Protein chains: 2
Amino acid sequence: MAIETSYAKVDWKGGVLVEGTSRGFKVTMDEPVDEGGTDTAMNPVELLLCSLGGCMSIVASMFAPKFRVDLKGFSVELEGDLDPDGFMGKNPNVRKGFSEIRYKMNIVSDSPEENIIKLHKFIEEYCPVKDTLKGVPVTGTYIVKK
Amino acid sequence: MAIETSYAKVDWKGGVLVEGTSRGFKVTMDEPVDEGGTDTAMNPVELLLCSLGGCMSIVASMFAPKFRVDLKGFSVELEGDLDPDGFMGKNPNVRKGFSEIRYKMNIVSDSPEENIIKLHKFIEEYCPVKDTLKGVPVTGTYIVKK
């Protein structure tokens, strides 16, 4: 198959409010009041956790039949650690983004444990967002309009 | 400062429809009909692009004054390349996630170009989501309920 290219556009709406659009679907991001925002939506790092959990969930639901798992319910809780000292420039040895992400999947199924083990292993290896978080080149440019 | 931990929970809603929640804010993910979804929301990899663009935009708006950039408008377009052969297991040499992400920022400002160059360089280096995409450990477990 050929490479597929996903596309999104994000527009700044003033303050720290932004709106992302992809294929006509919209998502809003904001920050809490103590971060200078208006607290109307989750922030980009929280959205990143949702993207990861969403990808894991969709892979689980799509591939459960392949591993003969009767999936009756699925959820995933995610935590990401970030030290603001990095982002705020207070400590050059601290990274700016998440230093670690942890997840806990809740799988509701009465299928054999060995099948569930295989499904979990598959999600671990094949989830596209999880794979992307191993590291991906991000390059770009800017243009200025007066 | 102490490490801050962001938290999200994602619930499978049936089919390939999922809902993410963080601090009470919700975001829905789905897939197009030809991917087995109901096409009601963007998918997780598109949401990942929005997270990155949103983070860049918020960093731009927060730090424009520091670099004496009068920001009159800001948007960013993002593209991510993904070869489905990896995810579908057709080619073990193809990665499952994005192989590359490209962005183009549109900065509306009549401030001096040298200031805008500094702001762009800062976003490149300090955007937490962009930094996370250099690679982050993702680890976890699952529990099964009958």
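**Talking through the model**

Mentor: Leaving out residues up to four places away in sequence, Ser99(A) touches Asp81(A), Leu82(A) and Asp83(A); a contact here is two residues whose C-beta atoms, placed from the backbone, lie within 7 Å. This is a predicted model, where local features need pLDDT of at least 70, side-chain atom pairs count only at pLDDT 80 or more, and totals for chains, interfaces and linings use all residues. Residues are numbered from 1 along each chain as its sequence is written, while chains are lettered from A and ligands numbered from 1 in the order in which they are written.

Trainee: New topic: how many residues does the contact take from each chain?

Mentor: The contact takes 91 residues from chain A and 91 residues from chain B. On the side of chain A that touches chain B, helix α1 (residues 44-63) gives the largest share, 15 residues. Helices here are DSSP runs of H or I with at least four residues, and strands are runs of E with at least two, numbered from the N terminus.

Trainee: Which strand of chain B is joined to β1 of chain A?

Mentor: Strand β4 (residues 73-82) of chain B, running antiparallel to β1 (residues 4-12) of chain A, with eight bridges joining them; strands pair if DSSP finds at least two bridges. Val10(A), for one, has Val76(B) as its bridge partner.
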